[in-house]
Amino acid sequence: MSKVFLLLFLVSTSISLAGTHPHGAEILFFKGLVQVKSSTSSIAGVEKGEVLIEGDTLKTGTGSFAILRFSDNSTLKIHPDSEFLIESLVEPVDDEILGSTNIFLNFGQVLIDVINTKEAPIFHIKTKSVAMGVRGTKFFAGIDKATGHTELAVNKGVVEISKHGQETHKEAIEAGHGIHVEKEGFTQPQRYDWVKDLDFNTMNKSTDVKKLQDLHV
């Protein structure tokens with residue numbers, strides 16, 4: 001009986017773990033020079049399947065990019081010449097997703113596909129000037145390294161954006177629209193032609209570098 005019980009336990013455990021992902025951000029794919037630096041180690045190259053944790057900084061070189069998957073199955077594609085810090089991560093506990101993911105985008109551009117069935121945002125992107133709360137959507141966020149200007153464009157769902165120190169004033173950016181943020185404040189949300197032309201597929205293992213370079217022009 002003990003052997004039968006052990007076998008049933010192992011089978012049920014393997015089934016319960018199927019389809020789950022490690023607590024962290026798993027690197028599904030990368031191309032070119034992609035590096036990671038933790039709070040306790042020096043900068044180093046990444047490996048496919050490596051799991052990034054809170055406190056890790058990911059950086060891509062020219063013509064390089066990476067695709068990450070989080071514990072809640074949300075995915076992120078970091079574009080060339082970009083860098084972000086993982087401040088916190090969602091955590092799966094007993095088939096529930098607890099907490100929220102917070103990414104600080106130092107510079108560059110990211111595409112994000114957030115899986116979220118809750119009303120409250122569980123994924124946040126921050127820059128030096130703004131904070132973006134995501135309720136479940138596909139969107140693009142970028143910050144120009146030279147000017148610090150932020151671009152946001154939403155392909156699906158809604159993203160709330162606010163300036164630091166002005167959190168009570170939020171702009172809700174809907175699908176097909178975008179917003180430009182400078183030190184002086186927000187532009188009015190408007191429909192951007194390039195939103196529909198941008199490839200929002202975070203799992204695409206290629207990237208149009210020229211189109212990305214032209215987005216801030």
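Colleague: Before we discuss the interior of this model, what is a nonpolar core taken to be?

Modeller: A nonpolar core is a set of buried Ala, Val, Leu, Ile, Met, Phe, Trp, Tyr and Cys residues, and its members are joined through side-chain atoms within 4.5 Å. The structure to which we apply this is a predicted model, and the residues that qualify must also be buried, meaning under 20% relative accessible area.

Colleague: Which residues have the most contacts inside the largest nonpolar core?

Modeller: The largest nonpolar core has 36 residues, and its largest share, 5 residues, comes from strand S11, which spans residues 101-113. Apart from this core there is a second, separate one of 7 residues, including Leu111 and Tyr192. In the largest core, the residues with the most contacts are Leu58, Phe84 and Phe139.

Colleague: Which residues does Phe84 touch, leaving aside those up to four places away in sequence?

Modeller: A contact here requires heavy atoms within 4.5 Å, and residues up to four places away from Phe84 in sequence are not counted. On that basis Phe84 touches Asp56, Thr57, Leu58, Leu68, Leu76, Ile78, Ile103, Phe104, Leu105, Asn106 and Val110.

Colleague: Why does Val181 count as buried?

Modeller: Val181 is found in strand S18, residues 177-182, and its contacts beyond four places in sequence include Val130, Ile161 and Phe186. The cut-off for a buried residue is under 20% relative accessible area. Val181 counts as buried because its relative accessibility is 1%.

Colleague: What distance separates the C-alpha atoms of Val181 and Thr150?

Modeller: Thr150 is among the residues that Val181 touches, as are His149 and Lys163. Although Val181 and Thr150 lie 31 residues apart along the chain, the separation of their C-alpha atoms is 5.0 Å.

Colleague: How many bridges join S13 and strand S16, and in which sense do they pair?

Modeller: Strand S13, residues 130-134, is mostly covered, with 4 of its 5 residues buried. S13 forms a hairpin with S12, with 3 residues between them, and these two strands pair in the antiparallel sense over 4 bridges, with Phe123 standing opposite Val134. With S16, residues 158-163, S13 also has a pairing, in which Ala131 has Ser162 as its bridge partner. The sense of the pairing between S13 and S16 is antiparallel, and the number of bridges is 5.

Colleague: What percentage of the residues of the chain count as buried?

Modeller: The secondary structure of the chain comes to 3 helices and 20 strands, and the chain exposes about 11,500 Å², of which carbon and sulfur atoms supply 54%. Of the 217 residues of the chain, the share that counts as buried is 41%.

Technical notes. Residues are numbered from 1 along each chain as its sequence is written. This is a predicted model: local features need pLDDT of at least 70, side-chain atom pairs count only at pLDDT 80 or more; totals for chains, interfaces and linings use all residues. Side-chain values use heavy atoms; hydrogens and water are left out. Buried means under 20% relative accessible area, exposed over 50%, partly exposed in between (1.4 Å probe, protein chains only). Accessible areas come from the Shrake-Rupley method with a 1.4 Å probe; for residues, only the protein chains shown count as cover. Two strands pair if DSSP finds at least two bridges between them.
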